[in-house]
Amino acid sequence: MNRYLQLATYFRYRFGERVQKIPLDAGATCPNRDGTLSRSGCIFCNPSGSGSGMGLQGMNLNDQWDSWYNKYTRSQNAKLFIAYLQSFSNTYGPAEKLSKNLTSIASLQGVMGVSIGTRPDCVDEEKLDIIAKQDLDEIWLELGLQSAHDRTLSLINRGHTYEDFVHAVTLAAERGIKVCAHLIAGLPDETTEDFLRTVEMVSALPVRGIKFHSLYVADDTVLAKMWRSGEYSPMTEDEFIDAIVRAVPKVPSTVVIQRLTGDAWIGELLAPHWGISKRALVDKIMAELVEQDVWQGKEVDAPQHVPLWFTIRENLPRRLREQWDIEYDAVAEKMGFLER
């Protein structure tokens with residue numbers, strides 16, 4: 001049985017089948033790159049940002065979508081798709097640009113949702129109203145926080161505070177927009193206890209999802225200079241696994257843990273090399289959750305046993321399905337976004 005509520009399981013609850021996310025590059029930039037806050041960016045972010053980089057290659061949203069759509073319909077037989085505006089801060093800039101991008105996305109073949117990657121200081125009521133009014137089945141706002149400690153946010157040159165994040169989450173929740181918080185373990189001058197405190201603080205807010213990331217050293221970043229000079233040493237693999245295994249029980253069982261770790265492009269990764277094989281690392285985390293007999297929500301709202309509803313009902317033995325129904329019904333009203 002699963003030990004946490006995975007994104008794939010959540011989608012199966014909602015739509016009865018697999019949902020594929022497609023990364024899109026809308027040519028966004030960032031106040032930490034264009035000189036508004038700084039030009040150096042966050043210390044771990046390379047100049048090209050995360051994502052596919054297709055926008056930098058001159059591909060518009062329709063061309064990018066068609067490329068991924070054709071791939072996944074052929075290889076995965078996928079039918080339902082969510083557009084993921086991933087690269088840089090996609091709510092930064094004029095509200096009209098955001099509205100235009102979302103209108104374009106809504107017309108894409110097979111799209112049923114959107115997930116918008118951005119910063120907490122790049123959303124306001126006008127932009128959130130634009131997002132909330134989209135006629136799509138799934139609307140997510142992915143907010144990069146990384147740490148709830150302002151001293152760390154300053155050190156890594158984020159250019160915003162934890163209170164900025166709280167404000168953005170509150171405004172989004174008021175409009176029914178699901179927020180997924182991005183958190184990093186292993187930030188400079190942070191202990192595992194600091195990271196766990198971040199998890200606790202974020203879990204107390206109306207977030208609907210969390211993505212955990214390990215901090216990796218990418219080439220052409222400030223962090224790379226710190227690593228080369230000995231100012232920064234990454235977590236060991238065992239330390240990262242320990243941090244995530246201790247974090248998962250602190251996350252309410254109704255929050256979707258969308259990922260346990262991130263991954264870097266092999267060509268840009270300098271350290272740590274244990275971060276290359278994402279699948280192997282996730283398997284080790286899963287094994288350690290079983291070994292320590294812990295699961296999502298154990299410390300906050302699910303202390304009795306591993307919730308059966310973390311697992312797709314049809315994957316369970318027949319004798320457990322009635323118990324699954326009882327557990328599911330007990331949480332469905334509280335969650336408000338699952339449908340059977």
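Q: Which residue in S3 is the bridge partner of tyrosine 84?

A: The partner of tyrosine 84 in S3 is serine 115. The model is a predicted one, in which local features need pLDDT of at least 70, side-chain atom pairs count only at pLDDT 80 or more, and totals for chains, interfaces and linings use all residues. Residues are numbered from 1 along each chain as its sequence is written, and side-chain values use heavy atoms, with hydrogens and water left out.

Q: How many bridges join strand S2 and S3, and in which sense do they pair?

A: Helices (H or I, at least four residues) and strands (E, at least two) are DSSP runs numbered from the N terminus. Two strands pair if DSSP finds at least two bridges between them. Here S2 (residues 80-85) is joined to S3 by five bridges, in the parallel sense. S3 also runs parallel to S4, with six bridges between them, and threonine 118 stands opposite leucine 143 in S4.

Q: In what order do the strands form the open sheet?

A: The order of the seven strands is S1-S2-S3-S4-S5-S6-S8, with parallel pairing. Helix H2 (residues 61-75) lies across S1, S2 and S3, and runs at about 145° to S1.

Q: How is strand S5 paired with strand S6?

A: S5 and S6 (residues 209-214) pair in the parallel sense over six bridges, and isoleucine 184 has histidine 213 of S6 as its bridge partner. S5 also pairs with S4 (residues 138-146), again in the parallel sense and over six bridges. There, tryptophan 140 has lysine 178 of S5 as its partner.

Q: Which residues point one way from S5, and which the other way?

A: In a regular strand, side chains alternate between the two faces of the sheet. In this structure, Lys178, Cys180, His182 and Ile184 point one way from S5, while Val179, Ala181, Leu183 and Ala185 point the other way. Buried means under 20% relative accessible area, exposed over 50%, and partly exposed in between (1.4 Å probe, protein chains only). Eight of the eight residues of S5 (residues 178-185) are buried, so this strand is largely enclosed by the rest of the structure. Likewise, eight of the eight residues of S3 (residues 111-118) are buried, so S3 is largely enclosed by the rest of the structure.

Q: At what angle do the axes of helix H7 and helix H9 cross?

A: Two packed helices are described by the angle between their axes and the distance between the axes. The axes of H7 (residues 192-203) and H9 (residues 237-247) cross at roughly 30° and come within 10 Å. That makes H7 roughly parallel to H9; angles under 35 degrees count as roughly parallel, over 145 as roughly antiparallel, 65 to 115 as roughly perpendicular and the rest as oblique. Contact means heavy atoms within 4.5 Å. In this pair, Thr192, Glu193, Phe195, Leu196 and Val199 of H7 make the contact with Asp242, Ala243, Ile244, Arg246 and Ala247 of H9. By class, the contact of H7 with H9 holds six nonpolar, one polar and three charged residues. Ala, Val, Leu, Ile, Met, Phe, Trp, Tyr, Cys and Pro count as nonpolar, Asp, Glu, Lys and Arg as charged, and the others, Gly among them, as polar.

Q: Where is phenylalanine 88 found?

A: Phenylalanine 88 lies in the loop between S2 and H3. Most residues other than glycine have a negative phi, and most peptide bonds are trans. Phenylalanine 88, although not a glycine, has a positive phi of about 60°, and with a relative accessible area of 22% this residue is partly exposed. Aspartate 220 also is not a glycine, yet has a positive phi of about 65°; aspartate 220 is exposed, with a relative accessible area of 56%. The loop that holds aspartate 220 runs between strand S7 (217-218) and helix H8 (222-229).

Q: Which residues does the cis peptide bond join?

A: The cis bond joins alanine 271 and proline 272, with omega about -10°. Proline 272 is in the loop between strand S9 (269-271) and helix H10 (278-291).

Notes: Axes fitted to C-alpha atoms, helices over the stretch in contact; angles between N-to-C directions.
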